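Please read the points with the structure open.

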Amino acid sequence: MTLRTLLLGACSAMAFAGMASAETLTIATVNNGDMIRMQKLTDDFKAKNPGIDLEWVTLEENVLRQKVTTDIATKGGQYDVLTIGTYEVPIWAKQGWLLPLDNLGDSYDVNDLLPAIRSGISQDGKLYAAPFYGESSMVMYRKDLFDAAGLKMPDAPTWDFIADAAKKITNKDKEIYGICLRGKAGWGENMAFLTAMSNSFGARWFDEQWKPQFDQPEWKDTLTFYVNLMKEAGPPGASSNGFNENLALFQTGKCGMWIDATVAASFVADPKQSQVADKVGFALAPDKGLGKRGNWLWAWNLAIPAGSQKSEAAEKFIAWATSKDYTNLVAEKEGWLNAPPGTRTSLYASADYQKAAPFAKMTLDSINSADPTKPTVKPVPYVGVQFVAIPEFQGIGTAVGQQFSAALAGQISVDQALQSAQQLTTREMTKAGYIK
C-alpha cells in the first residue's frame, strides 16, 4: 500500500466521521414574519455550530398546533425543536412532555427575560421553553381621525371612551370604521380578544369549583357591549375577521382603532407596509375601572420534546435563537424595528430600539400589566389570561367562539349564544371530570 493510498484512506475516514457526527435538527415552526426571518439568519448559527444542520417544517398556526400536539402526545419523535405557545407550555410540562432548559449557557442571561413572560413558561421554578417573541394587546389608533373629531386618546382609556370615540370617528360613506376587533371563531382568534375583554368586565370562564360562568351578568355585559359596538362602528363582515384581516383593514386606512396584539405595532408603523404609518398612536387596552385591563399575554416559544435524541444540539439552537446576540443580529441585518419584541428587559433599555420603535414603552407596560396567575377580578382555579391552561380548552374555546361569532353576525341573539356556551361548556367539563 502506497503512502498516497494510506493518506487518501485516512482522509476518507475523517470525512465519513465528520458526516456521521453532523446532526440534523428538525424544527417545527409557525409561518409568521419573525420565524421566517429567523430561517434567513441561520447561517450565523451554522457558522458557530458546524456539526449541526437544520431542517425547517413551516406551517400555518392551526396546522402547526395540530401536528405538534399529535406528535408529542403519541411520542412520534418527528421534531427536535417545537414552536409552541404560552398555552401549551404549562400543560405539556406538567405531563412530562417537555425537557427543562437548564443548559442555555453562561451568556444567556435568563434573568433578562421579562418576568410576566418567564412566569408563563416556567413550572416549579424551571424554564420549559424559551420565548422567541412575546406580546400583549393594546389600542392602535389614528391620530388624524381623533384630531378631526376633537378627541384625545388617554394613555389608559376606558371601554366607554373607546365606544364613544369609535362612533364619532366612523364614516361609513368613506369606508372608515371606528373600530376593528376580532370576530373570526377560534379559541386563539375571537376568544383571545373576548376572554381578555371579559376579564376587564369582571367575568371569568369558571368559578372556583370549575362551574362555567356564561350565565352570569358580567358575560352578558361583555358580549352585549362588543356586539353593539361592532354593529355601530365596525366593518361589514366582521364575524369573518381575525388578526390578518384587521391588520389589512388598518394598514389601508379603513380602521380608526384596532385593539390587538402589540406585535402588530411594528407592521402598522412601518411605511413600507402601512399607508397610515405616520398617523398611528398607541394606548393601553381599555378597562371598566375594576382593576383589570382587557389585554392578553402570549409568547411564541421554542421547546424540546422529552423523547428527543438530540437534546444537546436542540438546546444550543434554542439558546442562539432566543439570545441577546440574536436580537442584535436582527437589528444589524434588518433594523431595530424588526427586533423580536416582548421577551427581554435589555431590548427595552436600548436607546436604539426606543428611537426606532415609538410603541416600545406601551408594549412593555402592556406586557408587565398582564398577570397569568391572577387574570380575573374574582378568584379562579386556572392560570392564563386569554385562555384557560387546561387541555380541554382548545375544543371548548373554539366551540364557544363559534357561538359568539354567530351572535356578531346576527344569526343568533346574545342570550342564545351565552345559553349555548353555558350548556356546551358544562357538558364538556362534566365529561372531563372537572365538575363532580
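Helices, as named here, are DSSP runs of H or I of at least four residues, numbered from the N terminus. The model discussed is predicted.

1. Helix H14 is followed by Gly335, whose phi is positive, near 95°.

2. N-terminal end of H14. Ser323 caps this end of the helix. A side-chain oxygen of Ser323 lies 3.4 Å from the backbone nitrogen of Asp325.

3. Buried face of H14. Within residues 324-334, which make up H14, the buried positions are Tyr326, Thr327, Leu329, Val330 and Ala331. An α-helix has 3.6 residues a turn, so residues three or four places apart point the same way.

4. Five strands in the order E2-E1-E3-E10-E6 form an open sheet of mixed pairing. Strand E2 (52-59) and E6 each have a single partner strand and stand at the edges, so one side of each lacks a neighbour in the sheet. From one strand to the next, the twist averages 20°.

5. Pairing of E6. Which strand pairs with E6, and over how many bridges? The partner is E10 (residues 298-303), paired in the antiparallel sense over five bridges. Within E10, Asn301 is the bridge partner of Pro131.

6. Helix across the sheet. Helix H4 (residues 61-73) lies across E1 (23-30), E2, E3 (81-85) and E10. Relative to E1, H4 runs at about 130°.

How values were computed. Residues numbered from 1 in each chain as written. Predicted model: local features only at pLDDT ≥ 70, side-chain atom pairs only at ≥ 80, totals over all residues. Heavy atoms only, no water. Buried < 20%, exposed > 50% of the residue type's maximum accessible area, 1.4 Å probe, protein only. Helix = DSSP H or I, 4+ residues; strand = E, 2+ residues; numbered from the N terminus. Polar contact = N/O pair within 3.5 Å; in protein donor to acceptor, adjacent residues only side chain to side chain. Pairing = 2+ DSSP bridges. Axes fitted to C-alpha atoms, helices over the stretch in contact; angles between N-to-C directions. Contact = heavy atoms within 4.5 Å.
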